[in-house]
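This report is written for a reader who is new to the structure.

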Amino acid sequence: MRLPFKNNSSLLTLILCLHFLLVSGQKKIPQIKLEKGQTSTEFIEAKIDSIIAVLTLEEKVALTHAQSKFSAKGVARLGIPEVWMSDGPHGVREEISWDAWSEAGWTNDAITAFPALTCLAASFNPKLSRDYGFSLGEEARYREKDILLGPGVNIYRTPMNGRNFEYLGEDPFLASTMVVPYIKGVQENGVAACVKHFALNNQEHWRDKINVEVSDRALYEIYLPAFKAAVQKGNVWSLMGAYNKFRGQYTTHHKILNKILKNDWGFDGVVISDWGSGHSTKEAALYGLDIEMGTGTDGLGTGADNHYEYYYLAKPFLKAIKNGELSEDLVDDKVRRILRLIYRTSLNSNRALGKLNTKEHHEVARKVATDGIVLLKNEDNFFPVKDKKGLKIAVIGENATRDMTRGGGSSQLKPLFEISPLEGLKTRYKNAAIIHTMGYESGASAYDKTLPATLNQDSLYVKAIEVAKKADVVLFIGGLNKSYHQDSEGDDREVFALPYGQEKLLNGINEVNKNVGFLLVTGNAVAMPWISKTKGILQTWYLGSMAGHAIADIVSGDANPSGKLPFSFPKKLTDNAAHSFGEVSYPGDGVNQYYKEDILVGYRWFDTKEIAPQFAFGYGLSYSDFKISNIKIDQKKYRINDKIKVTLDVSNIGSRPGSEVVQVYIGKHKSKVKRALKELKGFSKVYLDKGDKKNTTITIDVSQLAYYNTKISDWSVEKGTYYLYVGNASNNIVKKIKFVLF
Ligand code: BGC
C-alpha cells in the first residue's frame, strides 16, 4: 500500500526526530542541517546514515526483497516509502495482481505504447531517445512507479533471440549512445530507469540455466559497454541482473557486480534481481544483489502467510546475519543503496506529477516510429505509394490488423489505443481504394504457447490471390509477431524463415501481381529467399500506439524514411557469427555455451570475414538521395589524449527533404591483437531540405580506439596506422582515410 506522505521528506525528518525522542537512550540520530557549502548529495548521504542508525536488522532485511510481484517494502514507522516497479521498456505495463502474474484488472492503467527499442536504435537519433525516455518517464511517474524496468541493452548476437526487439541492436557504440539519453529522460521525472539484463543474456533458450563462456575481450568490448555508458554517462539509478550464468556463477549475484559494476565503474545504485533469478542467500548477500524479486517459493504462496519471507534475502538472510555467518555490513550497503534510490525518486519532493497519454506522448511515439522505419528495397521507386483516384491497393497479411502490443512476455502493454497498419492506411488514403484480406492466420498468442489457427488457411490463401489479382498495388503486411517462439520472451525462434506459410503466399501473389511491397513487422532479421518477389521492403518493427499512422506517413511519402539497420541481416543463418560455430556456440548444450565468434559480433564478423550480408548494419534507403563529400580529418597524426575531428559536407541531391545518417568507423591496420576490420565510433543524423548542404563535424576521442588488453586486464591504445571509414552504411563507405597514432 502506498503511504499518503510519500513525497514528504520533511515528514520523514520529523518522524525521525520523534523517533529519536522515543528511543533516546537506544541509538542516536545525528542532527542533520544542510551546512553552508554542503551539497544535497552530502545531505542525503548524511540522512541515509542517520536512518541506517535507527533501523532494526529486521527492517533492513525487509527492504532487500519483494513484498509483492512488483513492489518492495519500505519502513512504515519511519515514513520510508515502498518501492514500486513496472516493466518497461516500451511503455508502463498494466497493473499486475499483488501475488500472481494475472492482470489486476484496473480501468485507469492504459498507457501510450512507444515503439520497441529496435526501432529507437534504428532511428540513430539520440535526441529522440531523450524524448522517448522523458515521455515514458512521465507516464511511469503518473502511474506512481519509482522504477521503470528498462531499457534493455543486451547485444544482438543471433537473430533467433526472442527478445531482440527489446534491445538496442548489435553494436556497443550505437547501444551506448542511444541508451544514455533514454535513461536521463526517464530519470528527469524522478523515476529510476533500470538497465537490464546484466549480463550476457543474449538468448532466451535455456536462459534460466545456460552458462556463458566468453573471452574478457568480448565481455568488455562488446557486451558491457552499453551498461558502462548507462552507469557512467547516464547515471542510471538501478540495474537488473540476468537469468543466465557466466563462468559458472549466476549473473544476478556474480562477482562482476562488485568488481566491475560497483567498484570499477562506481555504480552507486541498486541491483535488482530478474524475476526469479536469485539462487542463494550467501551469493546474493556477498555478490552485489540489493533487491530480490520474483523468486519462486515452491507453492508457499498459497500455503504460507507471506511467502516473500522465504526469499533468499529474507528470513534466511536475517538468520545468517544473526548467527554471524554473514556480516551486517552487507545488508547496510544494500540498504544504503535502496535509500539512495528512494531519495532520488519518491522522496524527491521536486519531482513533477507526471502525465499519461498526452498528445505530446503520442507524437513522440509517432516520430520515433517514422524515424526508425527502414527502407530496405525500393525497385522502380515502388514507395511512396501515391493516393490516386482509381488506384486499387490490396493490403494482405495478418499483421495489417494484429495487435502487436499484446504478447511478447513482460514487455506486453495495455495501450489506450493501437492504430493498426490497416487503420493508419485507411485514415491516410482518401482517394485510392484499399481492400484488405488476411492471407494467413497464425493463431492467438498465449504466454508459453501458440494457440492453433482457427480459420481455414486454404480459403485465406485463395481469397488473397483473388484480391491481389484485381489490385494495382499489393502491400503485404507480415513478418513475425509476439507469439511464443516468435519475437517473444521465454524462448527463442525455432526457424529463421518467415512463419505461417507467408513465403508460399508471397510467391502465389507474385504470380498474379508483380507490384508487391512488403512491410516487415519484426524485431529480428528473417530469411529472405523471396526478396526478388517484392519491389519494395520496409522494415517496420513493432511501433506501438501510433504504428498505423507512422506506417502511413512513410508509405504515403508524408515522411521520408531515414532509419538504418541496428543489426545485420544474414542471408542464411550460418552466415551469422554465433551460428557459424554450430551448437556449441548457439544455443549451447543445455549446460554451457561458448561465444566462439569472440569480438566479431554482427557486422564485425561480416566485414572481417568478407561475407556479404543480406542487409548490412547501418543500411537504410531514403526517398531522396544524399551525397557525402569533402571528408577530412583535422590531423594526420594523433596522440592518445587527442580528439579526431572529422568534417564533411552532406548534401540532399534528391527531390524531397529527408535525413541521412553519416557513420564513421575506424579500424587498426596490422594490429598485434585480433581486431574487427572496422568499428563504429561516431555518427550523425543530418536533416536536409531538398537541395541543401550542411557541414557536419563528428568528434572521436582517440581513447575510444582502445582494446581490452588481457595481459594487463585494462584498456590499451595501440600505436601505429589506422583507417577511418566514412559512409552511410557499414558496407557503403565513401572514403577511407589513413592516420597514425604515436
Ligand atoms: C524479465 C524482465 C522483467 C521481469 C518482470 C522477467 O521475466 O526477464 O525483463 O522486467 O520479468 O516482469
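## Cysteines

Cys119 counts as buried because its relative accessibility is 0%; buried means under 20% relative accessible area, exposed over 50%, and partly exposed in between, with a 1.4 Å probe and protein chains only. Cys194 likewise counts as buried, at 0% relative accessibility. The structure holds 0 disulfides, a disulfide being a pair of cysteine sulfur atoms within 2.5 Å.

The model is predicted, so local features need pLDDT of at least 70 and side-chain atom pairs count only at pLDDT 80 or more, while totals for chains, interfaces and linings use all residues. Residues are numbered from 1 along each chain as its sequence is written, and side-chain values use heavy atoms, with hydrogens and water left out.

## A buried strand and its partners

Helices (H or I, at least four residues) and strands (E, at least two) are DSSP runs, numbered from the N terminus.

Which strands pair with β15 in the parallel sense? One is β11 (residues 392–396), joined to β15 over 4 bridges; another is β16 (residues 516–521), joined to β15 over 6 bridges. Two strands are said to pair if DSSP finds at least two bridges between them. On the β16 side, Ile477 stands opposite Leu519.

## An open sheet

An open sheet of 4 strands runs in the order β8-β7-β5-β18, and its pairing is mixed. Its edge strands are β8 (249–250) and β18 (592–594), each of which pairs on one side only. Strand β5 (residues 211–213) pairs with β18 in the parallel sense, over 3 bridges. Within that pairing, Asn592 in β18 is the bridge partner of Asn211.

## The ligand and its surroundings

There are 15 residues around the ligand, and Asp87, Arg163, His197, Asp274 and Glu489 come nearest; a residue is near a molecule or strand if one of its heavy atoms lies within 4 Å of it. How does this shell divide into nonpolar, polar and charged residues, and how many are in each group? The shell holds 6 nonpolar, 2 polar and 7 charged residues. In this grouping Ala, Val, Leu, Ile, Met, Phe, Trp, Tyr, Cys and Pro count as nonpolar, Asp, Glu, Lys and Arg as charged, and the others, Gly among them, as polar.

| Residue | Distance to a ligand oxygen atom |
|---|---|
| Asp274 | 2.6 Å |
| Tyr243 | 2.9 Å |
| Lys196 | 3.0 Å |

Taken alone, the ligand exposes 310 Å², and the protein buries 97% of that. Accessible areas come from the Shrake-Rupley method with a 1.4 Å probe; for residues, only the protein chains shown count as cover.

## Backbone features in loops

Most residues other than glycine have a negative phi, and most peptide bonds are trans. The bond from Asp87 to Gly88, however, is cis, with omega near 10°. Gly88 has its place in the loop between β2 (83–87) and α4 (117–122). Phe383 and Pro384 are also joined by a cis peptide bond, with omega about -5°, and Pro384 is found in the loop between β10 (374–378) and β11.

The loop between β10 and β11 also contains Asn381, which has a positive phi of about 50° although it is not a glycine. Is Asn381 buried or exposed? Asn381 is exposed, because its relative accessible area is 61%. Asn235 has a positive phi of about 50° as well, although it is not a glycine. Asn235 is placed in the loop between α8 (225–232) and β6 (238–241), and it counts as partly exposed because its relative accessibility is 46%.

## A side-chain contact

Asn164 is found in the loop between β3 (147–149) and α6 (172–187). At 1% relative accessibility, Asn164 counts as buried. Its side chain makes a polar contact of 2.8 Å with the side chain of Asn524. A polar contact is a pair of N or O atoms within 3.5 Å; within protein, one must be able to donate a hydrogen and the other to accept it, and residues adjacent in sequence count only if both atoms are side-chain atoms.
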